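Hi there,

Here is the structure I promised to pass on. Have a look at it first, and my notes on it follow below.

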Amino acid sequence: EFVNMNKLMNHIIDRFEVVLQSEEYRYKNYRILRDITKRDLWVEIDQDKMTQVFDNIINNAIKYSPDGGRIIVRLMDTHSDLIVSISDEGLGIARKDIPHLFDRFYRVDKARSREMGGSGLGLAIAKEVTQLHGGKIWVTSSEDKGSTFYVSLPYVVFEEDGEWDEI
Ligand code: ATP
Ligand code: MG
């Protein structure tokens with residue numbers, strides 16, 4: 001189905017903001033900032049599956065950042081792809097862990113991760129789903145400063161006559 005990523009990302013963040021305003025989270029003072037292009041960017045995706053990808057990355061950003069952390073969600077476009085980036089001010093990820101991060105059941109620092117709950121499958125699923133959509137997922141991180149996760153997807157350009165080309 002054709003989905004406008006601009007709308008979808010705003011919708012996903014709106015839902016997180018409701019949770020972050022709830023009694024359970026409000027005192028923790030997490031903030032999500034948006035830097036989302038106003039352009040309509042159409043992608044042909046399974047909306048539920050890609051929503052799961054962004055949900056996991058944003059959940060991780062909250063889970064692995066201290067209270068008061070800012071999370072920045074960006075939506076940018078190049079001439080062929082759109083790029084979503086999700087940045088946190090959290091623990092960061094050691095260079096040696098980065099190559100394994102998208103493996104099934106891989107969790108950095110087992111003891112700490114166990115406390116947080118989760119299975120270590122989130123990013124493995126995110127990678128599989130993103131690749132099935134012809135996209136890419138990657139991360140840059142600096143320990144103690146935070147991490148940025150990127151997801152790129154090819155977007156669709158509609159022609160005047162309603163035909164479309166993938167570029
Ligand atoms: P699940 O998503 O299945 O509930 P999980 O969050 O532990 O469990 P993944 O989402 O696959 O699993 O993440 C794998 C590991 O990568 C995490 O356990 C954590 O150690 C590390 N990680 C993921 N995101 C971040 C982040 N934003 N900052 C620091 N570490 C992270
Ligand atoms: Mg996760």
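**What I found**

Starting at the N terminus, the elements of the chain follow the order β-α-α-β-β-α-β-β-α-α-β-β-β-β. Its radius of gyration is 16 Å, close to the 15 Å that the globule rule gives for 167 residues, so the chain is as compact as a globular protein of that length. Please keep in mind that this is a predicted model.

On the overall fold: the C-alpha trace spans about 55 × 35 × 25 Å along its principal axes, and 26% of the 167 residues count as buried. If you take the contacts between residues at least 6 apart in sequence, 66% of them join residues at least 24 apart.

With β2 (residues 31–36) it pairs in the parallel sense, over six bridges. Its pairing with β5 (residues 81–87) is antiparallel, and again there are six bridges; a hairpin of three residues joins β4 to β5. You can follow both pairings through Leu75 in β4: this residue is the bridge partner of Ile36, and it also stands opposite Val84 in β5.

Now for the ligand. Around ligand 1 there are 21 residues, of which Asn60, Val108, Gly118, Gly122 and Leu123 come nearest. Helices α3 (47–63) and α5 (122–132) each supply at least two residues of this shell. Sorted by class, the shell has ten nonpolar, nine polar and two charged residues.

Best wishes

Notes:
Residues numbered from 1 in each chain as written. Chains lettered and ligands numbered in written order. Predicted model: local features only at pLDDT ≥ 70, side-chain atom pairs only at ≥ 80, totals over all residues. Pairing = 2+ DSSP bridges. Helix = DSSP H or I, 4+ residues; strand = E, 2+ residues; numbered from the N terminus. Near = placed C-beta within 6 Å. Nonpolar A, V, L, I, M, F, W, Y, C, P; charged D, E, K, R; others polar. Rg over C-alpha atoms; globule rule 2.2 N^0.38 Å. Buried ≥ 20, exposed ≤ 12 C-beta atoms within 10 Å, placed from the backbone. Contact = placed C-beta atoms within 7 Å.
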